[in-house]
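Keep the viewer open and follow along.

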Amino acid sequence: MNTLSIKTYSLGYADWKSYLFTCLFVIGNLILPQLCHLMPQGGMIWLPIYFFTLIAAYKYGWYVGLLTAIASPLLNHWLFGMPATEMLPVLLIKSSLLATFAAIASKKTKGISLLVLTAVVFSYQIVGTLIEWAIVKDFHIALQDFRLGIPGILFQIIGGYFFLRLTAKY
């Protein structure tokens, strides 16, 4: 599978752009879930809170990715009550795993491909599911992203690929 070269950044805590991009990605992670929640079980099906975390970490590095991963669920919970309090730790862990895996993959490959994004998304989902199982003590609940969230997983992979491809030169 072909890998498309993309321009990536490794923004750190001392760079004001880190906070600008984090704000933009968090806003995306606030709006997209609200749109998805307009349909019944839309959040569980489309997994929207992860989308801009993937983009943030892949394009701008681990720092912007982790800030987005942590701020997005916390602000969504505070502003809209979603995710529910008992699921907040799981979403924070999965979001942080996604940001970490995406930043590592981006740094290693220096490009974007559907295969790489598939590996990133399935990596955080598998590890996150195991951690969720340890937290909630119910394997059926832990498998929810795989039982209901296949459209969201595909959206992260395919939508993330096209979004990153559109911004490849910037």
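## The cysteines

Cys-23 comes out partly exposed, at a relative accessible area of 47%. As for sulfur-sulfur links, the structure holds 0 disulfides. Bear in mind that this is a predicted model, so everything here is computed from predicted coordinates.

## Overall build

Zooming out, the chain has 9 helices and 2 strands. Walk along the sequence and the order is β-α-α-α-α-α-β-α-α-α-α. The C-alpha trace spans about 40 × 35 × 30 Å along its principal axes.

How does the radius of gyration sit against the value for a compact globule? For 170 residues the rule gives a value near 15 Å, and the chain has 15 Å, so the two agree. Of those 170 residues, 45% count as buried. Looking at contacts with a separation of 6 or more, 71% come from residues 24 or more positions apart. The chain exposes about 8800 Å², and carbon and sulfur atoms supply 73% of that area.

## Helix H4

Helix H4 covers residues 62–80. Its 19 residues should span 27 Å at 1.5 Å a residue, and the end C-alpha atoms are 26 Å apart, so the length agrees with expectation. The buried residues of H4 are Tyr-63, Val-64, Gly-65, Thr-68, Ala-69, Ser-72, Pro-73 and Asn-76. They pack against three other helices: H1 (16–36), H3 (51–60) and H5 (88–109).

Ser-72 is worth a click. This residue lies in helix H4, and its relative accessible area is 0%, which means it is buried. What does the Ser-72 side chain pair with in a polar contact? The partner is the side chain of Asn-29, at 3.0 Å. If you skip its neighbours within four places in sequence, Ser-72 is in contact with Val-26, Asn-29 and Ile-49.

H4 is followed by Gly-81, which has a positive phi near 75°. Gly-81 lies in the loop between H4 and H5, and at 35% relative accessibility it counts as partly exposed. For a sense of distance across the model, pick Gly-81 and Tyr-9: they are 72 residues apart in sequence and 33 Å apart in space, C-alpha to C-alpha.

That loop between H4 and H5 also contains Pro-83. Which peptide bond is cis here? The one joining Met-82 and Pro-83, with omega about 5°.

Gln-41 has a phi of about 55° and sits in the loop between H1 and helix H2 (42–46). With 44% relative accessibility, Gln-41 counts as partly exposed.

The other case is Leu-47, where phi is positive at about 45° although the residue is not a glycine. Leu-47 is in the loop between H2 and H3. Is Leu-47 buried or exposed? Its relative accessibility is 5%, so it counts as buried.

## Helix H9

Helix H9 takes in residues 150–166. Its 17 residues reach 24 Å from the first C-alpha to the last, close to the 24 Å expected at 1.5 Å a residue.

Buried in H9 are Gly-152, Ile-153, Gln-156, Ile-157, Gly-159, Gly-160, Tyr-161 and Leu-164. Their cover includes H2 and H3, strand E2 (111–112), helix H6 (114–136) and helix H8 (144–147).

Conventions:
Residues numbered from 1 in each chain as written. Predicted model: local features only at pLDDT ≥ 70, side-chain atom pairs only at ≥ 80, totals over all residues. Heavy atoms only, no water. Helix = DSSP H or I, 4+ residues; strand = E, 2+ residues; numbered from the N terminus. Expected span 1.5 Å × (residues − 1). Buried < 20%, exposed > 50% of the residue type's maximum accessible area, 1.4 Å probe, protein only. Contact = heavy atoms within 4.5 Å. Polar contact = N/O pair within 3.5 Å; in protein donor to acceptor, adjacent residues only side chain to side chain. Disulfide = S-S within 2.5 Å. Rg over C-alpha atoms; globule rule 2.2 N^0.38 Å. Areas by Shrake-Rupley, 256 points an atom, 1.4 Å probe, with all protein chains shown as cover.
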